[in-house]
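This briefing walks through one protein chain by topic. Please look over the sequence and the model before reading the points below.

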Amino acid sequence: MTTAGLIRAIHVAAISASLTYGLASIPVQAGSSAQPGQTVGQAPGAPLPIGLYFIDTSSFGSREITPRGTDSNINLPSFIWATPAEVVGGRLQLVVLQPITASSTRGAAYQSGFGQTLLAAQVAWKLGNNINFSYLLGAYLPSETKIVIQNPVLHQRFAITYNGDGWNLTGNFLYGTFFDTRSASGAFYPDFLNLDLTATKHFGKWEIGPVAFGSTDLPTNNPSYARQGQFAVGGLVGYNFGPVNLQAYVTRDVVQRNYAGLETRGWLRVTVPIYPDKGETPEPS
């Protein structure tokens, strides 16, 4: 499996900064704890070959809020160990991720620091005919940081990937549940759904195609909470330098709810196989 193939199979869950995008007239809001769009361009439904991999997805976004916008940089370094173990015929993969964030809300001074650490386990199956499916279960650990969500979060992800003929057609669906629905600061944490979509094609070492993502809070029994949501579209280009693989994409909200403005975000991802198992049969990139 080439590095371009690896990046199409890597699955990472990540946490974003807990930014207050809501209108001043509504209570403090939480929104999705996992950064929407951070797995587009990957193929999390497909199992990795046995080995250890490093992946870092970094993004900078600006949300258009009058008179001053909100900016954020989210860096998501992670390690993925594709183990030789199998669970019901699927490959067991372990994920450790440590977010690093910086944000400026409505023109205020930047705050930066470490986010909550993610620990997760994933099982990925090859179903045949280039169709793959995976299930991930993980949690963001409690944190003492002051700039991101400190409430532990349970994550479940369901991904399906078609990776034949150089295509990466992937839908990655996330369901998130907070252990506590309200923080000491008054923020309310509803359950949420994220969906990351990828439709890219490889041409030799190059990769190109459209991407999209959406997120929404689920209905709550709190009548004062204004549910947040968004849907964004964009385009991705990637190049396999071998062994390092790079991807870049730009996304733009086409609709938002209770974020007070649309966001434009630029993304850059690097994937490095640290110790791939050379004994496995490579798959076409």
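Predicted model: local features only at pLDDT ≥ 70, side-chain atom pairs only at ≥ 80, totals over all residues.

**A salt bridge to start from**

Arg 63 and Asp 253 form a salt bridge, with their closest N and O atoms 3.2 Å apart. Arg 63 belongs to strand β1 and Asp 253 to strand β13, so this pair ties together parts of the chain that are 190 residues apart in sequence.

**The salt-bridge network**

- The structure holds four salt bridges.
- Glu 263 also forms a salt bridge with Arg 63, and here the closest N and O atoms are 3.9 Å apart.
- This second pair links distant parts of the chain, since Glu 263 sits in strand β14 (residues 263-276) and Arg 63 in strand β1, 200 residues apart.
- Glu 263 meets the side chain of Arg 265 in a salt bridge as well, at 3.0 Å from N to O.

- Arg 63 has a relative accessible area of 1%, and the cut-off for buried is under 20%, so Arg 63 counts as buried.
- Asp 253 is buried too, at 2% relative accessibility.
- Glu 263 has a relative accessible area of 7% and is buried.
- Arg 265 counts as buried at 4% relative accessibility.

**The chain as a whole**

- The chain contains one helix and 14 strands.
- Of its 285 residues, 51% are buried.
- Taking contacts between residues at least 6 apart in sequence, 63% join residues at least 24 apart.
- The chain exposes about 11800 Å², and carbon and sulfur atoms supply 64% of that area.

**Nonpolar cores**

- The largest nonpolar core has 20 residues, and within this core Leu 118 and Phe 192 touch the most other members.
- The elements giving two or more residues to this core are β1 (51-63), β2 (70-87), β3 (90-97), β6 (118-128), β7 (131-140) and β9 (167-178).
- Strand β2 gives the most to this core, namely four residues.
- A second, separate core has seven residues, among them Val 211, Phe 213, Ala 232 and Tyr 249.

- Which residues make the nonpolar surface patch of about 590 Å²? They are Phe 158, Phe 173, Leu 195, Leu 197, Phe 231, Val 233, Val 254 and Val 255.
- Strands β10 (192-203), β12 (229-240) and β13 (245-257) are the elements that give two or more residues to the patch.
- Leu 195, one of the patch residues, has its place in strand β10.

- Ile 74 is found in strand β2.
- With a relative accessible area of 3%, Ile 74 is buried.
- How far apart are the C-alpha atoms of Ile 74 and Ser 59? They are separated by 5.5 Å, while the two residues are 15 residues apart along the chain.
- His 155 is found in strand β8 (residues 153-162).
- His 155 has a relative accessible area of 0% and is buried.
- His 155 and Leu 137 are 18 residues apart in sequence, and their C-alpha atoms are 5.8 Å apart in space.

**Confidence in the model**

- The average pLDDT of the chain is 83, and 80% of the residues score at least 70.
- Over residues 1-31 the pLDDT stays under 50, and the model has 146 contacts beyond four places in sequence for this stretch.
- Over residues 281-285 the pLDDT also stays under 50, and for these residues the model has 13 contacts beyond four places in sequence.

Technical notes:
Residues numbered from 1 in each chain as written. Heavy atoms only, no water. Buried < 20%, exposed > 50% of the residue type's maximum accessible area, 1.4 Å probe, protein only. Contact = heavy atoms within 4.5 Å. Areas by Shrake-Rupley, 256 points an atom, 1.4 Å probe, with all protein chains shown as cover. pLDDT = per-residue confidence, 0-100. Patch = residues over 30% accessible without salt bridge, like charges linked within 9 Å, V, L, I, M, F, W, Y side chains within 5 Å. Core = buried A, V, L, I, M, F, W, Y, C linked by side-chain atoms within 4.5 Å.
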